[in-house]
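Here is a briefing on a two-part protein model. Start with the sequence and the structure.

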Amino acid sequence: MKDVPHDPRDRGGPRQPLLSVNRLIKHFPVNKGLLGRSKTVVRAVDGVDFDLLKGETLGIVGESGCGKSTTARLLMHLIPPDHGEIVFDGESVGHDLPLPDYRRQVQMVFQDSYASLNPRLTIEDSIAFAPRVHGVPRREALGRAHDLLARVGLEPSRFAGRYPHELSGGQRQRINIARALALEPRLVILDEAVSALDKSVEAQVLNLLLDLKEAFGLTYIFISHDLNVVRFMADRVMVMYLGKVAEIGSAQQVFAQPSHPYSAALLASMPAMDPDARTETAPLYGDPPNPINPPSGCRFHTRCGSVASVCSQVEPALEDAASGQRVACLMRQPGSGHPAAMPALEVA
Amino acid sequence: MNDAAPMIDIRDLTVTFTGGRKPVHAVNGVTLSVQRGEVVALLGESGSGKSVTLRSLLNMHPKHRSRLNGSVIAAGQDVLKLSGRALADYRGRVASMIFQEPLLALDPVYTVGAQIVEAIRRHEKATLAVAQARALALLQKVRIPSPERRLQAFPHEMSGGMRQRAMIALALACNPQILLADEPTTALDATVQIQILLLLRELQRELGLTVILVTHDIGVAVEVADRVAVMYAGRIVETGPVREIIRNPRHPYTQGLLASRAHDAMSGARLDAIPGAPPDLAALPPGCAFAPRCRFSAAACLAEAPGSVAVGPQHSARCLRLAELAAA
């Protein structure tokens with residue numbers, strides 16, 4: 001882990017995770033029945049645990065419906081979780097740490113750069129808005145907005161007075177990044193922040209994110225469906241499938257040696273960049289199942305190539321695997337009953 | 001039509017949209033010929049003119065808001081001159097298209113089966129029973145599970161991947177010779193995208209289709225295309241066999257695109273990004289449109305638009321400084 005510049009807000013020291021997420025659950029009701037009693041729920045996030053270390057970038061990958069964006073919104077408390085606890089640098093969010101104080105330290109950048117800016121505010125007012133809400137005087141907030149504009153590569157004298165519709169997608173996303181930094185957060189959640197950008201502009205914004213991370217000692221959660229981008233940005237990667245964590249580990253390890261069959265299939269689905277080594281067979285068939293009625297046991301068992309009878313009955317817990325990742329797969333858990341698993345250790 | 005003539009022959013195509021305050025020059029002289037059975041990928045960023053070029057092949061631009069010049073010949077027919085019934089006969093029978101978002105392209109109030117049957121009966125004298133049997137065979141061909149049941153399904157009842165398969169079945173309903181695909185996998189998840197790409201590749205081989213595929217993703221082009229045409233600001237700046245484009249790109253824009261990918265980059269290093277942003281199509285510079293962003297641009301680049309120069313077998317690029325850059 002790289003050295004993080006000392007931050008007076010740092011409580012537990014570099015070893016204490018910046019964020020600890022315990023058993024996070026969010027179910028959305030659908031098909032409200034008679035008298036508003038909901039009949040079914042979308043199990044969007046169904047028991048997610050992870051730690052985020054100070055100064056790292058955690059990539060979250062998975063297909064649509066896997067709960068990666070819901071996780072991001074839960075972390076920001078944009079939607080309240082049904083269950084679970086978020087601990088920020090040792091303090092339980094909403095209990096020890098009031099929400100306004102938490103949100104000052106955690107900010108977010110969204111995919112749609114246009115929808116996330118107020119069309120009736122100038123760029124400088126958008127960036128200065130949050131600091132002013134938090135009590136910074138107008139003049140000071142605007143001065144800081146200009147500094148931030150320069151930091152994200154936009155000439156303040158040219159851009160400060162413009163409106164969002166006058167800018168390109170790449171410029172608007174730079175504004176959103178500047179706005180996220182206006183409160184001097186410690187954690188920035190980037191939810192598909194570069195996905196809507198053209199490739200040539202995407203590279204510029206990725207470079208900017210790396211520069212800002214170094215300059216401000218930031219920690220990132222980087223959510224993307226683009227595995228190439230995640231491999232480039234992330235120190236550790238979390239793979240999600242239907243509201244659960246399938247695997248979490250160092251990016252190098254997960255990309256080189258995925259331990260969960262889903263991670264392996266996801267990586268093998270990336271288009272080849274070599275015309276002489278094109279993909280010959282699709283790693284998976286069909287679409288991800290519906291999170292309204294997820295499969296029993298291991299949620300991946302309906303599409304898994306290594307499925308055994310036990311997989312539909314037993315839900316695998318996220319456990320340490322031999323390779324250093326944490327994996328939720330019965331094959332990696334001794335004594336699970338899966339034919340490919342090692343026998344349980346004898347207890348003397 | 002003799003066999004040696006290209007299946008698709010686009011010459012000096014320009015498309016200008018005149019609906020807004022200022023005319024937008026979306027396509028500025030595209031020349032492209034595609035042989036029978038060949039798969040060509042049009043690769044470019046948003047606003048590069050790739051989709052507009054593709055749509056010209058079905059003569060889809062609204063007449064009163066667009067100005068087209070040049071010629072588009074597909075399977076011996078002069079597409080830009082077609083209209084009315086002749087155009088309707090051509091669409092779907094000679095060339096058909098699959099779109100990025102099947103939920104928008106399919107009709108929400110008819111079942112998938114009804115839409116395929118309608119297309120077949122519009123173009124051929126087939127009885128309802130025959131058309132229904134063909135629709136079933138098509139769903140089997142694109143490997144939709146339990147096809148009998150899916151014929152009766154409405155588009156919203158299907159998953160994204162299944163809808164795109166249904167869209168492909170509809171496009172192939174009247175055995176067209178030309179398949180046009182506009183970002184067919186962009187809206188799909190990674191594990192579904194690769195299935196659709198493999199399906200397209202297989203159908204192309206089996207039916208001998210001539211395919212033009214529009215994509216912004218080099219990886220998608222590499223998976224299915226024989227040849228790649230890289231577009232920038234309404235022009236094809238480089239075209240060549242897919243191996244050549246990947247391993248030996250000659251135009252600075254193609255080089256920049258490949259170099260800026262996060263694909264093999266070292267984690268934590270900086271990407272070799274192309275500076276600036278794509279140009280405004282309503283106010284294009286007189287010279288090479290890429291010159292303002294190009295690290296190799298010289299004074300001459302700003303003066304005139306470069307012509308196409310052959311740099312290898314089937315490989316050409318539009319750049320004034322090709323020779324100097326190759327020598328350097």
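Buried means under 20% relative accessible area, exposed over 50%, and partly exposed in between, using a 1.4 Å probe and protein chains only. By that cut-off A:Gly62 is buried, with a relative accessible area of 6%. This is a predicted model, in which local features need pLDDT of at least 70, side-chain atom pairs count only at pLDDT 80 or more, and totals for chains, interfaces and linings use all residues. Residues are numbered from 1 along each chain as its sequence is written, chains are lettered from A and ligands numbered from 1 in the order in which they are written, and side-chain values use heavy atoms, with hydrogens and water left out.

**The sheet of chain A**

- Helices (H or I, at least four residues) and strands (E, at least two) are DSSP runs, numbered from the N terminus.
- Two strands pair if DSSP finds at least two bridges between them.
- Chain A has an open sheet of eight strands with mixed pairing, in the order β6-β7-β8-β3-β9-β10-β12-β11.
- β6 (106–109) and β11 (319–320) of chain A each have a single partner strand and stand at the edges, so one side of each has no neighbour in the sheet.
- Two bridges pair β11(A) with β12 (residues 326–327) of chain A in the antiparallel sense.
- Across that pairing, A:Asp320 stands opposite A:Arg326 in β12(A).

**Helices against that sheet**

- Axes are lines fitted to C-alpha atoms, for helices over the stretch in contact, and angles run from 0 to 180 degrees between N-to-C directions.
- Contact means heavy atoms within 4.5 Å.
- Helix α6 (residues 169–181) of chain A lies across β6 and β7 (187–191) of chain A, and runs at about 175° to β6(A).
- Helix α7 (residues 199–216) of chain A lies across β3 (57–61), β7 and β8 (219–223) of chain A, and runs at about 155° to β8(A).

- A:Gly62 lies in the loop between β3 and α1 (68–75) of chain A.
- Beyond its neighbours within four places in sequence, A:Gly62 is in contact with A:Lys68, A:Met240, A:Tyr262 and A:Leu266.
- The C-alpha atoms of A:Gly62 and A:Leu266 are separated by 8.1 Å, although the two are 204 residues apart along the chain.
- A:Thr71 sits in helix α1 of chain A and is buried at 0% relative accessibility.
- Leaving aside neighbours within four places in sequence, A:Thr71 is in contact with A:Val45, A:Phe50 and A:Met240.
- A:Arg186 is in the loop between α6 and β7 of chain A, and is buried with a relative accessible area of 6%.
- The side chain of A:Arg186 reaches the backbone oxygen of A:Arg9 at 3.2 Å.
- Not counting residues up to four places away in sequence, A:Arg186 touches residues including A:Asp7, A:Asp10, A:Phe88 and A:Asp89.

**Strand β8 of chain B**

- Six of the six residues of β8(B) (residues 210–215) are buried, so the strand is largely enclosed by the rest of the structure.
- B:Thr210, B:Ile212 and B:Val214 point one way from β8(B), while B:Val211, B:Leu213 and B:Thr215 point the other way.
- β3 (residues 39–43) of chain B pairs with β8(B) in the parallel sense over five bridges, and B:Leu42 stands opposite B:Val214.
- β7 (residues 178–182) of chain B also pairs with β8(B) in the parallel sense over five bridges, and B:Ile178 has B:Thr210 as its bridge partner.

**The antiparallel sheet of chain B**

- Four strands of chain B form an open antiparallel sheet in the order β2-β1-β4-β5.
- β2 (24–34) and β5 (77–78) of chain B stand at the edges with a single partner strand each, so one side of each is left without a neighbour in the sheet.
- Eight bridges join β1 (residues 8–17) to β4 (residues 66–74) of chain B, which run antiparallel.
- B:Ile8 stands opposite B:Ala74 in β4(B).

**Where the chains meet**

- Buried area is the accessible area (1.4 Å probe) that two parts lose on being put together, summed over both.
- The area buried between chain A and chain B is about 3,700 Å², and carbon and sulfur atoms give 50% of it.
- In chain A, A:Phe232, A:Met273 and A:Arg278 lose the most area to chain B, together 20% of what that side buries.
- The contact takes 39 residues from chain A and 50 residues from chain B.

How values were computed
A polar contact is a pair of N or O atoms within 3.5 Å; within protein, one must be able to donate a hydrogen and the other to accept it, and residues adjacent in sequence count only if both atoms are side-chain atoms.
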